[in-house]
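Reader: Hi! I'm new to this one, could you walk me through it?
Author: Happy to, here it is.
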Amino acid sequence: MRSRRGDGLLLIGAIFALALNLRPAMAAAGPLLDLIEAATGMDSTTAGLLTTLPVAMIGLGALSIRPLRRRLGERRGVLLGAVLIGLACLARAVFDGTVGLIASAVVVGAGVALIQALAPVVVKRAFPTRFGTVMGVYTTGIMGGAAVAAATAAGLAEAVGWAWALALWGVPALLAGLVWIIAARDPAEAAPDRAAAANAARPENPFWRQGRAWCLVAILGLGTSAYTLVLAWLPPYYVDQGQTRATAGFMLSGMTGAEVLAGVLVSLFVARLPDRRGPMLAAVALALLGLAGLTLAPVDLAVPVMLLLGLGIGAVFPLTLILAMDQIDDPVRSGDLLAFVQGGGYIIASLSPLAAGLLRDRLSDLTQAWMLMGLGLVAMALMTLAFRPDAAKLR
């Protein structure tokens, strides 16, 4: 019989394995975008849909996760998410035209939505006193998967072709689903279902009627917009600056590597910093410095840009999730809030890659996209100031 500690470590390992697979389908596309555009005839606006559609699906899926959680349960819902990601990625080896790539992007987004909406609920229930730390591990996994995908994309494309370079990411997603089956093979799913039913039976103040909930939507949306923007367009931007495809991929990988470091730092220190505003403002300041370097001297300041953007954006992402989960103590109700916040936030974030593609088609340059993102981060930082630790929580 497994020990309680062993169960906990196995569950953390499963959550980390799942997290590793939440971004490669998007991160691997950026360094290969010129090959994809040449092979399919896509313009930059259409190519932006390869990131926009998964992110939008994450948002739409999060908004509908409450009935899905009651119908599927957390265990089966997360497993279904891993299977959808795996099969959608594998399908890209065969359906490598514009329609196939866009359809697979939608399915990937649905799978990611299931995991991102349900995994934090599992974490909060299983690790109530170490929630911030385990969430840091989870978000570190997300960034780590993106880093590996970006670093290996060009090499895999040379070895097996760009379509298979995208498709191979289906294998680790399916393996992560297998690990999840083992780690969550005996969860108390009845308890969450009863809790959800009890929660539904008593009167609630809908989140859409609460201004602070909408503020959280905007914070997560703007913070994630920065992440999706660089995920989709940082490699093409450096290719436009005269860098090779492999170099551009390593640039994105280096940035996401710094995001991993930021996630680790957040997981180590977040429990000591109950006031999330200070770390959030520091993270935004780093990201703004990175965007300034990206605008003014992208090639000469490439290394500082990678580090600053990675550390800043990498810390903003877990901090926004933790800030949202701080607002309610009950795990099920807190999960409902996170679904609402992620739903609206990811729909907002999905617009940034599409807008950048439009700018690139019209102006043949992405400088304006970086500048607009900087303004968005300033607005996000100002909204964060309202979330004092002693402020009234959401209901």
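Author: Points are joined across faces, edges and corners, and a volume is the space filled by probe spheres set on the points. This is a predicted model, where local features need pLDDT of at least 70, side-chain atom pairs count only at pLDDT 80 or more, and totals for chains, interfaces and linings use all residues. Residues are numbered from 1 along each chain as its sequence is written, and side-chain values use heavy atoms, leaving out hydrogens and water.

Reader: Okay! How many cavities of 30 Å³ or more are there?
Author: The count is three. The largest cavity holds about 50 Å³ of space.

Reader: Which residues line the largest cavity?
Author: Among them are Met26, Gly30, Leu50, Thr51 and Trp233 (lining residues have an atom within 4 Å of a point). Helix H4 (44–63) gives the largest share of that lining, four residues. Helices here are DSSP runs of H or I, at least four residues, numbered from the N terminus.

Reader: New topic: how many disulfides does the search find?
Author: Zero in the whole structure, taking a disulfide as a pair of cysteine sulfur atoms within 2.5 Å.

Reader: And Cys89, buried or exposed?
Author: Cys89 is buried, with a relative accessible area of 1%. Buried means under 20%, exposed over 50%, and partly exposed in between (1.4 Å probe, protein chains only). Cys215 is buried too, at 17%.

Reader: What about helix H14, how many of its residues are buried?
Author: 19 of its 25 residues are buried, so H14 is mostly covered.

How values were computed
Helices (H or I, at least four residues) and strands (E, at least two) are DSSP runs, numbered from the N terminus. On a 1 Å grid over the protein atoms alone, a cavity is a set of points where a 1.4 Å probe fits but cannot get out, and a pocket is an open set with protein on both sides within 12 Å along at least five of seven lines; lining residues have an atom within 4 Å of a point.
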